[in-house]
Amino acid sequence: MTDTTSLLKLISKHFDVPENISEAHLREVLIKTFEYLVEDDFPKLLQVLYRADVDQYKLKDLLENTEGKSTAEIIADAYIERQKAKVETWKKYSN
């Protein structure tokens, strides 16, 4: 299983994503999803970030100190980064 496949499998636990999607397109889909959650379903946003184990303090720092990106972009990037870290950890310990 490739890293992208593992990443998609992990993300599909929280969101409906197509199986054969590029990482760049996945990021765009997640940005749109997080835009919606920030505006219309904040409790679900918090639940997703908690279940994905996105570090709240790191995210808060990113939101306060990152310029040139929307809130949804920052959240999507932090979410993807955390999921990639999980894939790497699983890969490291499954061998």
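Helices here are DSSP runs of H or I with at least four residues, strands are runs of E with at least two, and both are numbered from the N terminus. This is a predicted model, in which local features need pLDDT of at least 70 and side-chain atom pairs count only at pLDDT 80 or more, while totals for chains, interfaces and linings use all residues. Residues are numbered from 1 along each chain as its sequence is written, and side-chain values use heavy atoms, with hydrogens and water left out.

Start with serine 22, which sits in the loop between H1 and H2. With a relative accessibility of 42%, serine 22 counts as partly exposed (buried is under 20% relative accessible area, exposed over 50%, partly exposed in between, with a 1.4 Å probe and protein chains only).

The axes of H1 and H2 come within 11 Å and cross at roughly 20 degrees; axes are lines fitted to C-alpha atoms, for helices over the stretch in contact, and angles run from 0 to 180 degrees between N-to-C directions. H1 and H2 are therefore roughly parallel to each other (angles under 35 degrees count as roughly parallel, over 145 as roughly antiparallel, 65 to 115 as roughly perpendicular and the rest as oblique). For the side chains, show Thr4, Leu7, Leu8 and Ile11 of H1, which meet Glu23, Leu26 and Leu30 of H2; contact means heavy atoms within 4.5 Å. These residues divide into five nonpolar, one polar and one charged, where Ala, Val, Leu, Ile, Met, Phe, Trp, Tyr, Cys and Pro count as nonpolar, Asp, Glu, Lys and Arg as charged, and the others, Gly among them, as polar.

Go on to H3, residues 42-51. H2 and H3 pack at an angle of about 125 degrees, with axes 6 Å apart. That angle makes H2 oblique to H3. On the H2 side, pick Phe34, Leu37, Val38 and Asp40; on the H3 side, pick Phe42, Lys44, Leu45, Val48 and Leu49.

Which residues does valine 48 touch, leaving out those up to four places away in sequence? They are His14, Phe15, Phe34 and Tyr79. Valine 48 is buried, at a relative accessible area of 5%.

Next, centre on histidine 14, in the loop between H1 (3-11) and H2 (23-40). At 15% relative accessibility, histidine 14 counts as buried. Its side chain makes a polar contact of 2.7 Å with that of tyrosine 79 (a pair of N or O atoms within 3.5 Å; within protein, one must be able to donate a hydrogen and the other to accept it, and residues adjacent in sequence count only if both atoms are side-chain atoms).

Then bring in H5, residues 71-94, which packs with H3 at about 25 degrees, the axes 10 Å apart. H3 and H5 are therefore roughly parallel to each other. Leu45, Val48, Leu49 and Arg51 of H3 make the contact with Ile75, Tyr79 and Lys86 of H5.

End at aspartate 53, in the loop between H3 and H4 (56-65). Its phi is near 65 degrees, a positive value in a residue other than glycine. Most residues other than glycine have a negative phi. At 44% relative accessibility, aspartate 53 counts as partly exposed.
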